[in-house]
Amino acid sequence: MILSRYNLNKISAPGLILPNQDIFDLPEKVLQFGTGVLLRGLPDYYIDKANRNGVFNGRIVVVKSTDTGSATDFNKQDSLYTLLIKGIDNGTEVDEQIVCSAISRVLSAGSDWDSILKVAQSPDLQIVISNTTELGIQLMQDDITKRPPISFPGKLLAILLERYKTFNGSPESGLVIVPAELIVDNGKKLEAIVLELAHLNKLEPAFMDWLEEHNHFCNSLVDRIVPGKPDAQTTAQLEAEYGYQDDLRIVSEVYSLWAIEGHEHIRSVLSFAEVDKGVVIVPNIEKFREIKLRLLNGTHTLSCGMAFLSGFRTVKEAMDDPGFTHFVYQLMLKEIAPAIPYDVDYAAAAEFAGKVLDRFRNPYIYHQWISISAQYSFKIKGRAIPLLINHYKSHSTVPEHFALGFAAFIRFMKCTKNAEGKYIGTNHGEEYVITDSQAETFAQAWQKPDLHDVAYTLLSNKTLWDADLCQLPGFKESVLKHLQQIVSQGTKQILAKEAVV
């Protein structure tokens, strides 16, 4: 039996939270760009929870922007999916199973553009949410009369223009727009790009005024580990236990945070915030962003190469290794926390770091290191380089665990391009695909015969880092030393030495 609206009355299992049928009659208040597991495990979860509590009372139309994959699973399941929340919360084990009904339908930008524009014409629409990856919020030449425009900002501008025309530029027709892409000032950057595109498309001044005055682009920060589908064995067990098939089932950790920058009007529109303390709407989210981006994402990024090259496939598997745990602890508390480029209380950072370590150890979350490595160089640039620069503002010594993590990153990025155009790395005879827009740069650097030349070429590349890292005292030498050790000994042996320090 496949999970669907009309099979809900046939499903009965202890502890499983099911939606009421009246939820399917709620108006579509949200337009969401992205079908990914993070959106379904965090913003969509909050909205579903609010609907079940009779608070927000609105559903989500999801726009699938890319041509990869399909919406078939969503269509056959009436966009229902099961969210498994598993982990430890303040010493108590949590195991929740929720059939989420926040999504009303999934539309393809390529084939359903007219239907998407009709959503823009709806008086019920209030909110736009997005997660189009960290590369999605970029300015590119885009004609918004195309059906659809190429870029996400182009699509958003076309929707806002359609809405402006439909409601004659009324103040009430403006939207609250909350991007969830993990970049600094995501709301402000998206707004700036949309405004620039409006100028490039020579849109009328009255529309520009409406766009700026009556639409609210909110900086936001999302924080929840949502690895995606459970493994095949767990899936089979769940299907046998609960009696239905769900091809959209996903797992998440217990911890959740959606910090949104906004005032009272935004709070009133985002009324789902009332039902979960994980939604925080405040005038400034910089503190939340810095702590999360550096301590969680920065640690993930700087330890990813070490973990993967050591043969660990999941974060939990790596955290079971004493050497890796010591490496992460030293990296996070001794090097990252003191270098956060923001006025963050060290005690608060240390407390959050403790939570991060507990989250990394969650026995129910199978977070793949290869997934964390996606757009690796972009993440290093955004999450790690500001820490490194700030470290050197107050220290003359090299952050050795940072340098080790950076060296492992360089070794992970050693790759060649295959006949299919994919960049392939090799570790202990095992191949892996490198998903990185700068992979060609690393492939060319690794053609140099000497490791010194490899390290110098990459560390001095200002296009990659917006800085010449060779100018940082001792950093190049330390990275080279660690890279030589990684190539000659392997990361597993290096971690074994960490375990006895």
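How many residues line the second largest pocket, and which of them lie nearest its centre?

Tutor: This is a predicted model, in which local features need pLDDT of at least 70 and side-chain atom pairs count only at pLDDT 80 or more, while totals for chains, interfaces and linings use all residues. Residues are numbered from 1 along each chain as its sequence is written, and side-chain values use heavy atoms, with hydrogens and water left out.

The second largest pocket is lined by 32 residues, and those nearest its centre are Asp-89, Tyr-255, Ser-256, Lys-277 and Lys-355. A pocket here is an open set of points on a 1 Å grid over the protein atoms alone, where a 1.4 Å probe fits and protein lies on both sides within 12 Å along at least five of seven lines; a lining residue has an atom within 4 Å of a point. The space in this pocket comes to about 1,000 Å³, where the volume is that filled by probe spheres set on grid points joined across faces, edges and corners.

Several secondary-structure elements contribute to this lining: α2 (43–52), β4 (81–89), β5 (92–100), α10 (286–309) and α13 (346–360) each supply at least two residues. Helix α13 gives the most, with six residues. Helices (H or I, at least four residues) and strands (E, at least two) are DSSP runs, numbered from the N terminus. By residue class, the lining divides into 13 nonpolar, five polar and 14 charged residues; Ala, Val, Leu, Ile, Met, Phe, Trp, Tyr, Cys and Pro count as nonpolar, Asp, Glu, Lys and Arg as charged, and the others, Gly among them, as polar.

Rings of Phe, Tyr and Trp (its six-membered ring) pair if their centres lie within 6.5 Å, and planes under 30 degrees apart count as stacked, over 60 as edge-to-face and the rest as tilted. The rings of Phe-56 and Phe-272 have centres 5.4 Å apart and planes at 75°, so this pair is edge-to-face. It links distant parts of the chain, 216 residues apart, with Phe-56 in the loop between α2 and β3 (59–64) and Phe-272 in the loop between α9 (264–269) and β13 (279–282). Phe-56 is buried at 1% relative accessibility, and Phe-272 is buried with a relative accessible area of 1%; buried means under 20% relative accessible area, exposed over 50%, and partly exposed in between (1.4 Å probe, protein chains only).

Another edge-to-face pair is formed by Phe-402 and Phe-475, with ring centres 6.1 Å apart and planes at 65°. Because Phe-402 lies in helix α16 (residues 400–412) and Phe-475 in helix α20 (residues 475–489), the pair ties together parts that are 73 residues apart in sequence. Both Phe-402 and Phe-475 are buried, and ring pairs link them into a cluster whose members include Phe-308, Tyr-376, Trp-465 and Phe-442.

Rings also meet charged groups. The charged end of Lys-86 sits over the ring of Tyr-364, 4.7 Å from its centre, and that of Lys-287 sits over the ring of Phe-288, 5.5 Å from its centre. The criterion is that NZ of Lys or CZ of Arg is within 6 Å of the ring centre and within 35 degrees of the ring normal.

A cis peptide bond with omega of about 5° joins Arg-147 and Pro-148, and Pro-148 lies in the loop between β7 (127–130) and α5 (152–166). Asp-185, although not a glycine, has a positive phi of about 55°; it is found in the loop between β8 (176–179) and α6 (186–200) and is partly exposed at 29% relative accessibility. Gln-375 likewise has a positive phi, near 50°, and its place is in the loop between α14 (369–372) and α15 (376–394), where Gln-375 is buried with a relative accessible area of 18%.
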